[in-house]
Amino acid sequence: MVGRPSKYKPEYAELAFKLCLLSATDKDIANFFGVDVATINRWKQSQPEFCESLKRGKEEADAHIADRLYQRAMGYSHPEDKIFQYNGEPVIVPTIKHYPPDTTAAIFWLKNRQRDKWRDKQDVEVSGNLQFSIKKPDDLT
């Protein structure tokens with residue numbers, strides 16, 4: 001017994017790659033193609049090029065974001081042109097724009113990369129026995 005023909009087209013692999021670069025999830029991709037997420041999962045299994053495009057797009061996008069987060073955490077500089085007006089004429093002055101390290105980005109990076117050392121919640125294990133006894137006051141006996 002043969003099911004319905006697949007809606008998959010070879011050009012979907014490149015479209016899926018580009019969607020992943022724009023941070024699309026599997027659900028977003030399913031909506032884009034007008035199919036269910038289960039169909040996307042079937043395409044991943046039956047279409048190796050489609051599966052590879054999704055992986056490649058997600059990895060590339062994540063790598064770019066990780067690099068930017070790292071740069072933000074460490075601080076960075078970049079060339080920038082300042083435009084002034086002198087005697088009615090524009091003057092372009094090349095400069096270097098500096099961004100100091102961002103502690104929030106650094107904390108975020110460390111909490112995700114070294115969870116055991118940097119997370120807010122610390123797991124503390126306590127061992128041993130606790131013994132107690134109840135005694136009546138002498139005047140109640």
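Lys-58 is partly exposed, with a relative accessible area of 30%, where buried means under 20% relative accessible area, exposed over 50% and partly exposed in between, for a 1.4 Å probe and protein chains only. The structure is a predicted model, in which local features need pLDDT of at least 70 and side-chain atom pairs count only at pLDDT 80 or more, while totals for chains, interfaces and linings use all residues. Residues are numbered from 1 along each chain as its sequence is written, and side-chain values use heavy atoms, with hydrogens and water left out.

Lys-58 belongs to helix α4. When residues up to four places away in sequence are set aside, Lys-58 touches Cys-20, Ala-24 and Asp-26, a contact being defined as heavy atoms within 4.5 Å. Lys-58 and Ala-24 are 34 residues apart along the chain, and their C-alpha atoms are separated by 8.4 Å.

The protein as a whole contains six helices and two strands. These elements are DSSP runs numbered from the N terminus, helices being H or I with at least four residues and strands E with at least two. Along the sequence the elements follow the pattern α-α-α-α-β-β-α-α.

Along the principal axes, the C-alpha atoms fill a box of roughly 100 × 80 × 25 Å. Of the 141 residues, 18% are buried. Among contacts with a separation of 6 or more, 44% are accounted for by residues 24 or more positions apart.

The accessible surface amounts to about 12200 Å², and carbon and sulfur atoms hold 55% of this area. Such areas come from the Shrake-Rupley method with a 1.4 Å probe, and for residues only the protein chains shown count as cover. The protein carries 22 positive and 21 negative charges, whose mean positions are 4 Å apart. Lys and Arg count as positive and Asp and Glu as negative, with His and the chain ends not counted. Each charge is placed at NZ of Lys, CZ of Arg, CG of Asp or CD of Glu.

Helix α4 spans residues 48-74. Its 27 residues reach 38 Å from the first C-alpha to the last, close to the 39 Å expected at 1.5 Å a residue; the expected span is 1.5 Å times one less than the number of residues. The buried residues of this helix are Phe-50, Cys-51, Ser-53, Leu-54, Gly-57, Ala-61 and Ala-73. They pack against α1 (12-21), α2 (26-33), α3 (37-46) and α5 (103-113). An α-helix has 3.6 residues a turn, so residues three or four places apart point the same way. Just after α4, Gly-75 takes a positive phi of about 90°.

Positive phi values also occur in residues other than glycine. Ser-23, with phi near 75°, is placed in the loop between α1 and α2. Ser-23 is exposed, at a relative accessible area of 59%. Asn-87 has a phi near 50° and lies in the loop between β1 (76-86) and β2 (89-99). The relative accessible area of Asn-87 is 66%, and Asn-87 is therefore exposed.

Lys-111 is found in helix α5 and counts as partly exposed at 27% relative accessibility. Apart from residues up to four places away in sequence, Lys-111 touches Trp-118, Arg-119 and Asp-120. The C-alpha atoms of Lys-111 and Leu-21 are separated by 25 Å, the two residues being 90 apart along the chain. Glu-11 lies in the segment before α1 and is partly exposed, with a relative accessible area of 47%. From Glu-11 to Cys-51 the distance is 13 Å, C-alpha to C-alpha, across 40 residues of sequence.
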